[in-house]
Structures are given as structure tokens and as C-alpha cells.
Amino acid sequence: MAGLTVRHRRTVALDAVDLDFGTGVHGLLGPNGAGKTSLIRVLATVAAPTAGRLTLLGHDVSAHRGRTEVRRRLGYLPQEFGYYPGFTVREFVAYVAWLKEMPAAGVPDAVQYAVERVGLADRADAKVRTLSGGMVRRVGIAQAIVNEPELLLLDEPTAGLDPEQRVEFRALLREIGETATVIVSTHLVEDVAAACTRVTVVESGRVAWRGTTRELSALGPEAGDGDDGTGGEGSAIERGYTAALRAHRAASATAAGTR
Ligand SMILES: Nc1ncnc2c1ncn2[C@@H]1O[C@H](COP(=O)(O)OP(=O)(O)OP(=O)(O)O)[C@@H](O)[C@H]1O
């Protein structure tokens, strides 16, 4: 993507962002309101950018034909995911498979596999309305992966999952990321540490930092070294994240001051 800009009335949610993502699990980290959801929605082709160029899976998505092709090959779990409470898990995931125009003959097996991968095989014939919040979240993940997407976009996917489910889910992401591009927006630094190989930190609609998870962990002060009494707390990756944000803010303030 190049010069990607998203405006909501007067708010600039994404400010001329240039990014590319290869195979693997990418974490999108940033404070509330940084622009993560705006970016994921554009990548999922549910929102059009205000300006800029976006190519997904080799297709220009400003063209109708490109968008249709890409939608078949992507999976998307929105932050607030809408479902039909009267459908069973199997029916709902099959419905999404149908929306993605998967060949009908392969749908039952694909649904079964997706449901198994999220650990819901024993509830596959239960109505979604009877499930707990964490289980509904897993239905959301199942519908996102039913077509074995080449591009998987997940907006705050671990919200509502208990610690054990989180661990299983991160393992699933790593497995999918071996062959697909997975982009996970989160404010949980531990999710990134456990599941992602690369990180993009966004703030105020701009890319504040990019690199590997390991590089982000190495960015912060050593534990206990914080010169202001806060910098040395938390895990290595939390300290790295805080350091990346501070450096970006300092650079933005300097740039604004010299304008
Ligand atoms: N529909 C909208 N109308 C007006 N402003 C919006 C709309 N959606 C987002 N914004 C604004 O755009 C900016 C970026 O929001 P976005 O939801 O992309 O951030 P985020 O990083 O996903 O935040 P969070 O972690 O809180 O979900 C924020 O300032 C937000 O208030």
C-alpha cells in the first residue's frame, strides 16, 4: 500500500501510510484510536481509503473485479462481529463459506476442519446464542479461516478468550502464518510476543515503528533501568513498545517544532 489515507470527517485515522506485509504473523500494536481498526477495515475491503493505492494478493482493490477476487481469498474477524444467534455454529460457518463462494461440495469438510481448529467440534451443532462469549469469539475465528485464507485479518481477536484459549489461539496463528499473511491488531503486547514474528506500531495514523518482535524487545531499557521510574517496568517487549512510542512522539514533536 502506498499513501494510504483514511479520514472520518475531520479525523485523520490513517495518514499517508506506506506498508507491505509478507507471509507470517504480523502484530499491529498501538494505543486506542491509533488507526488500527481503520487500517484493518481497509485491508478487509469493507472500507475504501480516502486516498492512496492498495494492492492485495496481487490485485488492485480499487476495481470491483479485484475486490471480488480478494474477498474470496481473505478472512476477516471484525472487532464487533455480527452473527445470527439462531444459527448453529456449523450453519453459521457454512453460511460464511457460501458468502465467500466456496465450491459447495467442499463446504461441509471445510466447516468441520475450521470448527475443529478452534476447538469447538463438540459444540458444532449448538445454537450460537447458547455459547459463552469466548466460544462466540472462536466461532468468529472459525468463520474467518473456513476458506483457508491467504490473507487473514483479525481485529482484537483475543478479547474475551480465557488464558488457555489464548495460548491455543496463538499456536493456531503461528501455524496459519507459516503459509499465509496474518495481520492481528491488538493492544495486548503479550499477544504480539507470543504469536507474531513482526510488529508494526501505529500511533495517530502513522507508522511509529516496524521490525521483528525480537527487535522490539531489545529496544527498551533493561528491567529496573527506567530513569523516570516507569521505563524499566514490565516485560522486555512492553518496555520496547513504550520506548518505540516515546521515540516516535519525540520525533513528531521535533518535526512539528521545525515546521
Ligand atoms: N466512524 C468513525 N467516525 C468518526 N471518527 C472515527 C470513526 N472511526 C474511527 N474514528 C476515529 O479515527 C481514529 C482512529 O480510530 P481506529 O478505530 O482506527 O483506532 P484503533 O487504533 O483501532 O483504536 P482502538 O484500539 O480504540 O480500537 C480515532 O481518532 C477515532 O476516533
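This is a predicted model: local features need pLDDT of at least 70, side-chain atom pairs count only at pLDDT 80 or more; totals for chains, interfaces and linings use all residues.
**Helix packing, domains and a ligand shell**

Mentor: Let's start with a helix pair. α3 packs with helix α5 (residues 133-145) at an angle of about 35 degrees, and the two axes are 8 Å apart. Helices here are DSSP runs (H or I, at least four residues) and strands too (E, at least two), numbered from the N terminus. Axes are lines fitted to C-alpha atoms, for helices over the stretch in contact, and angles run from 0 to 180 degrees between N-to-C directions.

Trainee: Which residues of α3 and α5 meet?

Mentor: Val89, Phe92, Val93 and Val96 of α3 meet Val139, Ala142 and Gln143 of α5. In contact means C-beta atoms, placed from the backbone, within 7 Å.

Trainee: What classes are they?

Mentor: The contact of α3 with α5 has 6 nonpolar, 1 polar and no charged residues. Ala, Val, Leu, Ile, Met, Phe, Trp, Tyr, Cys and Pro count as nonpolar, Asp, Glu, Lys and Arg as charged, and the others, Gly among them, as polar.

Trainee: At what angle do α3 and α4 pack?

Mentor: Helix α3 (residues 89-99) and helix α4 (residues 107-117) pack at about 120 degrees, with axes 9 Å apart. α3 and α4 are therefore oblique to each other. Under 35 degrees is roughly parallel, over 145 roughly antiparallel, 65 to 115 roughly perpendicular, and the rest oblique.

Trainee: Who makes that contact?

Mentor: Val89, Arg90, Val93, Ala94 and Ala97 of α3, with Val107, Ala110, Val111, Ala114 and Val115 of α4. That contact of α3 with α4 has 9 nonpolar, no polar and 1 charged.

Trainee: New topic. How is the protein divided?

Mentor: Into domain 1 (1-57 + 152-259) and domain 2 (66-149). Those bounds come from an automatic or database domain assignment. Between the two, 20 residues of domain 1 are in contact with 19 of domain 2.

Trainee: Which elements give two or more residues to domain 1's side?

Mentor: β8 (151-155) and α6 (163-176). The largest share, 5 residues, comes from α6.

Trainee: And how many residues surround the ligand?

Mentor: 13 residues surround the ligand, and the closest are His8, Asn32, Lys36, Thr37 and Ser38. Near means the C-beta atom, placed from the backbone, lies within 6 Å.

Trainee: Which element gives the most to that shell?

Mentor: α1, with 3 residues. By class, the shell around the ligand has 2 nonpolar, 9 polar and 2 charged residues.

Methods
Residues are numbered from 1 along each chain as its sequence is written.
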